[in-house]
Amino acid sequence: MDRELLRQALSHHGPALLSLLRAEQHDNPDFRGLLPPPGAAPEPPRGAPPAAWKERASIDTEIKRFIAKKADLLFAHSWKPNGPIEDTIEENEECYAVMPPLERFLEVPREERRELFFRDIERGNIVIGRITSIREFGFFMVLICLGSGVIREIADLEITALCPVRDVPPQSNHGDPLSYYQTGDLIRAALKDVDRYHEKLAVSLYSSALPPNLSSTKLGVITSDDFPLHYKRSLEVANTGETFEEVLHRSPGFANPSLVEYLAEKLGLSESNPPSLLRIP
C-alpha cells in the first residue's frame, strides 16, 4: 500500500474518511494499523452530534465512501500504467484538444496557485519568461508560462527566476555572454535548481539541463509565436470569456476519431488490459 498517498488523502478528507476506512477495510491487513482494537467500535469526535454519523446525501460524503470502499485498489503499489508514460505529450491540436490550464476557468486564489506551482515544479522542466533585469552575475526573468511538466496558470503570479552567467552559453569566443540579451527579451530556459521553501528558482540555457526526451528543445531567445499552444489558448479565453466546454468543442482535436487511442498510447494505458477499479472475481 502506498502509505504516503494514503496519508495525503487522510490529511485532506480528515477523520470522516478514517472512520469509513476502518469500516470498509477492517479485513485488509494493509489497513490494520488504522483499525481500532478488535471488538471496539470507532467513536465519533468529541462534541460531534449523533447525526454526524448518519449517512448524508452529499457529494462530499459519497466521495469519501467511494475512496474507503476502493482504498485497497486506489492506494495499491501495483496501480501503474501497463506501458511507458511519455514525460511530455507534444501539443498537437489535430490529435487532441489542447486546453488552457484548468485554473483559467476557475477562481483559484493567487496564493493557492503559487503554492501548487512550487509543489509541482521539477528540475528539467521548461519555463518561459521575460527578462526584467541584467546584472554582471546573470539576468532575472519573470515567468509567463510553462513548456513542460504540470501546466499551470502563472503569468500573473510574478514568479522570478535567476539565470546565472555560468548558465548562459557564449555567443562567440570573446566578450560577455550577457551582452547578447536585453531587458524585455522572451526566454525559454530549463529549470536547474528549485528552492521550494524560499521560493527561489535558477534556470539554465544549456540543453544539458533538460531531460533526454526534451534535449532537442531550443533554449534562449524566442518570439511570441513560440509560446506553447496552451498559453495561446489561455490568452484567447481571457479575451473571449469562453467556458471550458466551448473551448473543448471548438478544438479540432476533440473531433479526432482516434483521440482515445492516441491519448491511451501516450499515457501508457492498454486497451486490452486497462486499469480498473472493478473487482474481478
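This short talk goes from the whole protein chain to one strand, β4, and then to one residue in that strand, Arg-188.

Thank you all for coming; please keep in mind throughout that what we are looking at is a predicted model.

Let me begin with the overall picture. The protein chain has 281 residues, and 36% of them are buried. Its secondary structure consists of 8 helices and 6 strands, and if you follow the chain from the N terminus, the order of the elements is α-α-α-α-α-β-β-β-β-β-β-α-α-α. The accessible surface of the chain is about 17400 Å², and carbon and sulfur atoms contribute 53% of that area. If we take the contacts in the chain with a separation of 6 or more, 69% of them are between residues 24 or more positions apart.

Now let us turn to strand β4, which covers residues 186–195. Which strands does β4 pair with? One partner is strand β1, residues 126–135, which pairs with β4 in the antiparallel sense over 5 bridges, and here you can find Ile-187 of β4 standing opposite Gly-129. Another partner is strand β5, residues 200–204, again antiparallel and again with 5 bridges; in this pairing, Asp-195 has Lys-200 as its bridge partner. These two strands, β4 and β5, form a hairpin with 4 residues between them, and in the turn Glu-199 has a positive phi of about 55°. Strand β6, residues 220–222, also runs antiparallel to β4, joined to it by 3 bridges, and one of the residues involved is Arg-188, whose bridge partner in β6 is Gly-220.

That brings us to Arg-188 itself, which lies in strand β4. Does this charged side chain have a partner of opposite charge, or does it lack one within salt-bridge range? Arg-188 is buried and yet has no salt bridge, since the nearest side chain of opposite charge, that of Asp-226, is 4.7 Å away, whereas a salt bridge is counted within 4 Å.

Key: Residues are numbered from 1 along each chain as its sequence is written. This is a predicted model: local features need pLDDT of at least 70, side-chain atom pairs count only at pLDDT 80 or more; totals for chains, interfaces and linings use all residues. Side-chain values use heavy atoms; hydrogens and water are left out. Buried means under 20% relative accessible area, exposed over 50%, partly exposed in between (1.4 Å probe, protein chains only). Contact means heavy atoms within 4.5 Å. Accessible areas come from the Shrake-Rupley method with a 1.4 Å probe; for residues, only the protein chains shown count as cover. Two strands pair if DSSP finds at least two bridges between them. Lys and Arg count as positive and Asp and Glu as negative; His and the chain ends are not counted.
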